[in-house]
Amino acid sequence: MKIAVLGGDGFCGWPASLHLADLGHQVLIVDNLSRRRIDEELGASSLTPIASMEERLAAWESVGGAPMRFVELDLATDYEGLVDLLRTERPDAVVHFAEQRSAPYSMKSPRHKRYTVDNNTGTTHNLLCALVETGLDAHLVHLGTMGVYGYGTAGMSIPEGYLDVEIVGDDGSRVEQQILYPTNPGSVYHMTKCLDQQLFAYYAKNDALRITDLHQGIIWGTHTDQTLRDERLINRFDYDGDYGTVLNRFLMQAAVGYPLTVHGTGGQTRAFIHIQDMVRCVEIALANPPARGDRVKIFNQMTQTHRVRDLAELVGRISDAEVELVPNPRHEAAENELHVHNETFIDLGLEPTLLEEGLLMEVEDVARRYADRADLDKIPCTSTWTAAQQAGVPASRAGRTAPTTEPTGGIVEHSA
């Protein structure tokens, strides 16, 4: 297949591009390189050294990888450029990672909130409009988030996108329906993914676009089979307070002797998936597209659930690190349970990489190897969810109570 990977320079987009190229697909990476500019804005950088896009592509060819091409394009603002690209390239599939992926970054200020909505929602809607305008019957695979569901399980396992309901009519008759699982975003970032979901449902219904939405858990791990082949191919390892996922932050902190910072009680339960499994899931989704006219396919792209404090204790045991509770910058409940259905990917052949089997390698081969690149001042999370938190006022004094379902648990989700 010819596959356009939107956001192919990012944390998830880069290893997915390599994986698809390694399978023999023709891969075109489209990116505006905004993630690199955000590093400059934050004064932070990946723990692992990230080569330029030109160096990355050359390194891939030097190890025998099928050539990939790169187009720099801002999909949120250059609609005509996107239309021209689709008309010229005519990809068989489009993999959409091209969104600002950090919950804390989306909450930093009004400017960051507006940017996240404008960029994420604008990119998604431009893409859907462009597919309709060009008449291109390309399968769209989108990287979403488990965060669209919120994190209260309501005494049940979260289904894969759709909820069975029974409606009692005025005459007492009962009608069974399936609806999209009600959304409950916990940040502006998560809200944009909820808006994506509604846009997808509409365009699949109205214009028969073929769409798969992957509701992904938190990525852990750094390497895939392809990124191991040359250091210039290595993936991002973010550890800062805005972009670092909870487990990668723990691993880096353990490597440099910094206490493992657990926000609040650490009672937040989250869904996780290894980065190698993520690229495999994208491959499986592409191989199993919906038919034209079908509703959106929704997969829960996760393999395990873990409580944050349990993760900290696990990393602490294998690396002899201390655990420290710190104030939670988020507006959320202190504890939650999480039960999730993920049978679709398992039934389609995914063999999960279990967290317990891969953590030690991450500590030794990545976090400790690049520990000298760490900036300890970037570890604390300074982005807060409410004005009261920013002013240092406890929620009770500000007239607020913590929500009964907490959104994001002191963590950043995944990349695009």
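Leaving aside neighbours within four places in sequence, Leu140 is in contact (heavy atoms within 4.5 Å) with Val94, His96, Leu127, Leu128, Leu131, Phe200, Arg210, Ile211 and Thr212. The model is predicted: local features need pLDDT of at least 70 and side-chain atom pairs count only at pLDDT 80 or more, whereas totals for chains, interfaces and linings use all residues. Residues are numbered from 1 along each chain as its sequence is written, and side-chain values use heavy atoms, with hydrogens and water left out.

**Nonpolar cores**
- Leu140 is also one of the residues that touch the most other members of the largest nonpolar core, which has 42 residues; the others are Leu6, Val94, Leu128, Leu131 and Ile211.
- Two or more residues of this core come from each of strand S1 (2-6), strand S2 (26-31), helix H4 (79-89), helix H6 (110-134), S6 and helix H7 (188-207).
- Apart from this core lies another, of 36 residues, including Leu20, Leu214, Ile219 and Met278.
- A nonpolar core is here a set of buried Ala, Val, Leu, Ile, Met, Phe, Trp, Tyr and Cys residues joined through side-chain atoms within 4.5 Å.

**Overall fold**
- The chain has 13 helices and 14 strands, taken as DSSP runs (H or I, at least four residues; E, at least two) and numbered from the N terminus.
- Of its 416 residues, 59% count as buried (under 20% relative accessible area; exposed is over 50%, partly exposed in between; 1.4 Å probe, protein chains only).
- Among contacts with a separation of 6 or more, 83% join residues 24 or more positions apart.

- Val165 has Gln177 of S7 as its bridge partner.
- Between the strands are 5 residues, and Gly172 in this hairpin takes a positive phi near 90°.

- Ala208, not a glycine, has a positive phi of about 60°; Ala208 is found in the loop between H7 and strand S8 (211-216) and is buried, with a relative accessible area of 16%.
- Asp320 likewise has a positive phi, near 60°; Asp320 sits in the loop between helix H10 (308-319) and strand S14 (323-326) and is exposed, with a relative accessible area of 73%.

Technical notes
Two strands pair if DSSP finds at least two bridges between them.
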